[in-house]
Amino acid sequence: MRSPIVRGLLDSIEDPAQLRALPRQDLEQLADELREFLLHSVAASGGHLASGLGTVELSVALHYCLDTPQDALVWDVGHQCYPHKALTGRRAALQSIRKRPGISGFLKRDESAFDSFGAGHSSTSISAALGMACAARLQGSRSRAVAVIGDGALTAGLAYEALDHAGGLGADLLVVLNDNGMSISENVGALSQRLTTQGRGPADDARGFFGALGFHYHGPVDGHDVDALVGQLLALRDAPGPRLLHVITRKGKGYAAAEAEPIKYHGVTPFDPLAGIVAGKPAAPTYTQVFGETVCELAAEDPRVVVVTPAMREGSGLVAYSRRFPERYHDVGIAEQHAVTFAAGLATRGLRPVVAIYSTFLQRGYDQLVHDVCLQQLPVTFAIDRAGLVGPDGATHNGSLDNSFLRCVPGLVVMTPASGTELRAMLRTAVDAGMPCAVRYPRTAATGLAASGQSLPRALPIGRGELVRHGSGIALLAFGTLLETAHDVADIIDASVANMRYVKPLDTNLLRELAERHDMLVTLEESSIVGGAGSAVSEFLAAEGISTPVLHLGLPDRPIEHGTREQCLQEAGLDVPGVFDAVARYCAKLAERRSRTGKPLRMRDNAMFNGVLRLLTRSQLG
């Protein structure tokens with residue numbers, strides 16, 4: 001790998017208008033400079049690398065041929081957006097990408113006028129660009145709309161809904177299909193096999209397929225020949241009707257290590273580009289790794305266990321499982337809705353499917369979870385990774401809503417492990433339960449793991465929590481991995497701590513006991529406060545006529561942007577100082593209310609509560 005080249009052209013580009021002023025013959029050099037810059041920038045900062053290396057020439061050509069931002073350029077997903085950001089005034093900012101307060105690793109409308117549509121999730125570009133094209137026609141505008149979608153994103157049903165609609169409307173829309181044969185993993189499905197396979201000659205299948213949807217097909221064209229791309233784009237940009245340009249690219253292009261291992265170089269932490277990514281000292285196991293190992297053990301014990309994932313083999317920790325049990329492993333592509341209903345179909349024939357999916361992606365399969373799984377009470381286990389805050393990936397990937405949208409579904413058990421060992425036990429519980437179950441866990445190191453080589457834990461009693469620390473005055477009710485934070489706060493204020501384990505069904509016996517023995521309850525969850533586990537606690541207490549005050553702590557009713565996980569927890573007030581301060585403020589409110597009404601908060605106004613209040617308010621003021 002050679003040293004960075006001089007960026008004589010790239011350093012002069014702060015706006016695509018400057019790019020468009022270049023002679024066409026200079027674009028190849030610009031692309032070379034941009035690729036070198038991208039490699040060394042991402043190697044220093046970390047982030048998504050291989051996808052952007054593959055779209056350098058395409059990014060240059062699109063901004064050269066279009067009048068951005070007046071013309072709407074809509075990128076799908078956003079993994080490949082770094083070259084676009086570098087060409088649109090954010091080159092220097094790439095050094096802080098995915099770090100607070102730097103720029104996002106995805107597309108954001110409020111970050112730049114050149115990000116015409118926010119992204120982060122897959123397969124939205126054609127729908128959004130079609131909406132923009134229709135708006136332009138309605139408003140009499142001459143602005144163009146171009147969607148750039150990858151062959152991986154084209155496995156999702158949303159893309160076909162948009163293609164079908166656009167073809168039916170005859171809309172003036174250009175779709176650029178960036179075909180690199182990859183999602184994050186290798187691409188799957190018949191479309192990849194027959195329509196968009198790299199290295200093909202004339203794509204008769206593709207022409208027929210897209211033609212049937214009303215699109216004029218063009219290509220395939222070499223996506224790393226910037227002059228050829230410009231020629232095609234200039235010819236197509238003002239043509240009427242729906243057009244599709246098929247572009248063949250190579251993920252990781254220009255960096256041999258990334259070309260050879262595009263999965264490994266999809267998302268990277270900082271590394272030396274001369275040496276490549278070198279394996280370091282093994283880190284503590286993550287919840288994702290614990291899940292992957294546990295589901296292998298479950299499958300070895302139970303031939304009914306089948307795993308389904310929507311194109312997230314690596315991210316969900318399933319590489320080992322996919323190799324060990326290939327006949328019981330299904331990567332369905334970026335098709336969350338299909339993944340859930342497919343699992344439901346497996347379950348009707350006596351299997352025990354496990355759907356490995358990120359919290360934020362399960363949002364796309366919600367109707368199927370409700371209608372196809374839970375309404376029919378089918379034994380599908382949802383292994384929900386990235387529940388809670390995900391750090392650098394930011395708001396589009398935070399698993400903020402699943403406690404809220406899962407607990408209202410009839411017949412669904414929702415579990416929140418507080419440790420790696422508890423995750424293992426809950427997966428066993430879910431598979432054995434014979435009913436719909438969800439187990440949510442975060443993107444972080446797993447605490448509390450038993451020694452390796454131990455057998456799987458026994459199933460847990462469903463709906464049973466545990467009082468794990470006896471204190472007085474205040475009880476902290478932890479749902480999931482905030483149990484450790486609860487312990488740290490409890491050590492300061494001598495509070496009780498409960499590991500609630502289940503969002504649904506709640507341990508109502510434990511709740512009654514805690515409400516009776518304490519002057520105040522505090523619920524802790526790494527999920528939205530609105531409608532979450534804390535709300536379930538208050539709903540139960542209200543229905544029982546129990547008036548113990550409850551403070552709900554969780555994710556606020558607004559997005560938490562990218563940063564380190566620790567920064568995000570601090571912003572949400574879910575680190576130890578944040579929880580402590582929130583409890584202090586709430587205690588002060590309770591004391592003010594007692595003083596104003598002249599009545600005790602409860603029938604027994606114990607001395608411990610007053611002592612805790614004094615401690616808290618002194619600390620807050622001091």
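Predicted model: local features only at pLDDT ≥ 70, side-chain atom pairs only at ≥ 80, totals over all residues.
Mentor: Local features here need pLDDT of at least 70 and side-chain atom pairs 80 or more, while totals for chains, interfaces and linings use all residues. Residues are numbered from 1 along each chain as its sequence is written, and side-chain values use heavy atoms, leaving out hydrogens and water.

Trainee: Why is H14 called roughly parallel to H16?

Mentor: Helix H14 (residues 336-347) and helix H16 (residues 366-374) pack at about 10 degrees. Angles under 35 degrees count as roughly parallel, over 145 as roughly antiparallel, 65 to 115 as roughly perpendicular and the rest as oblique, so H14 is roughly parallel to H16.

Trainee: Which residue does Arg90 pair with, and why does Arg90 count as buried?

Mentor: Arg90 forms a salt bridge with Glu111, with the closest N and O atoms 2.7 Å apart. Buried means under 20% relative accessible area, exposed over 50% and partly exposed in between (1.4 Å probe, protein chains only). Arg90 has 6% relative accessibility, so Arg90 counts as buried.

Trainee: How do you know whether Glu111 is buried or partly exposed?

Mentor: Its relative accessible area is 23%, so Glu111 is partly exposed.

Notes: Axes fitted to C-alpha atoms, helices over the stretch in contact; angles between N-to-C directions. Helix = DSSP H or I, 4+ residues; strand = E, 2+ residues; numbered from the N terminus. Salt bridge = Lys/Arg side-chain N within 4 Å of Asp/Glu carboxyl O.
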